[in-house]
Structures are given as C-alpha cells and as structure tokens.
Amino acid sequence: MHTLAKEYRVPPNLRFPSLTRLQFARAFGYLASRQQFTCIRLYAFVVLVQASGGTDDLVPFFNSEPEFINELVSLLSFEDAVPAKIRILSLLSLVSLSQDWPR
C-alpha cells in the first residue's frame, strides 16, 4: 500500500480511507456480502449521528469521509441498480443528519 500511495501520490489524509476501501473490495468478493456490509455501515452511521451531542462530534467523521453525503445521494439516484433496503438506509442516514440537534 505504501508503494502505491507514493507512486500515485495519494495525499496522506486520504491514505487510510483508500486502504479501507481496498480492504472492503478485497474482503467482500460477493455481491451479497458487500450489500450486507453497506447496510451495517449505514446503520452504524445512523447510530453515530443519533448518539452524538452535536455537529462537533461528527466533524472527524466528515473530515475522513468528505464524499459520504454525495455517496448517499448517489445511492438514491440509482433506483434499479441499488436494492431498496440500501436506498432506504441511505435516506434514513440523510434524515438523521437533518433532525433537530438540541433535544
């Protein structure tokens, strides 16, 4: 990984997310396991948002995953290619972000 990061000049702040995505692609060679992992990740995100005390708690997450919101929106746009459960979880993730923070 270190050699690839140097060869392709991957910025240091993107190396860990890139490694995570490579491990994901390698570990989950089957579509069903990738979909299950995606559902788990979306559930975990909803829990993270609901458990956080405010936006300051989410800043580290969005610093390491700057394209996460765009990925959620793109999942919603692929109606036939993405299973309904994953689209619903994407929508639930976006809704959890828009909820009133001071409860």
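**Close-up 1. Residues at the contact of helix 3 with helix 6 in a predicted model.** In helix 3, the residues Q35, T38, C39, L42, Y43, F45, V46 and V49 meet a set from helix 6, namely K85, I86, L89, S90, L92, S93, S96 and L97.

**Close-up 2. Packing geometry of helix 3 and helix 6.** Helix 6 spans residues 84-98, and helix 3 spans residues 31-51. The axes of the two helices lie 9 Å apart, and the angle at which the helices pack is about 15 degrees. Angles under 35 degrees count as roughly parallel, and helix 3 and helix 6 are therefore roughly parallel to each other. Their crossing is left-handed.

**Close-up 3. The salt bridge between R41 and E65.** One salt bridge is found when the whole structure is searched. R41 and E65 form a salt bridge in which the closest N and O atoms are 3.3 Å apart. The pair links distant parts of the chain, for R41 belongs to helix 3, whereas E65 lies in the loop between helix 4 (55-64) and helix 5 (68-77). The two residues are 24 residues apart.

**Close-up 4. Accessibility of R41 and E65.** The relative accessible area of R41 is 31%, and this residue is partly exposed. E65 has a relative accessibility of 12% and therefore counts as buried, because buried means under 20% relative accessible area.

Conventions: Residues are numbered from 1 along each chain as its sequence is written. This is a predicted model: local features need pLDDT of at least 70, side-chain atom pairs count only at pLDDT 80 or more; totals for chains, interfaces and linings use all residues. Side-chain values use heavy atoms; hydrogens and water are left out. A salt bridge is a side-chain nitrogen of Lys or Arg within 4 Å of a carboxyl oxygen of Asp or Glu. Helices (H or I, at least four residues) and strands (E, at least two) are DSSP runs, numbered from the N terminus. Buried means under 20% relative accessible area, exposed over 50%, partly exposed in between (1.4 Å probe, protein chains only). Axes are lines fitted to C-alpha atoms, for helices over the stretch in contact, and angles run from 0 to 180 degrees between N-to-C directions. Angles under 35 degrees count as roughly parallel, over 145 as roughly antiparallel, 65 to 115 as roughly perpendicular and the rest as oblique. A crossing is left-handed if the near helix is turned anticlockwise from the far one by less than a right angle, and right-handed if clockwise. Contact means heavy atoms within 4.5 Å.
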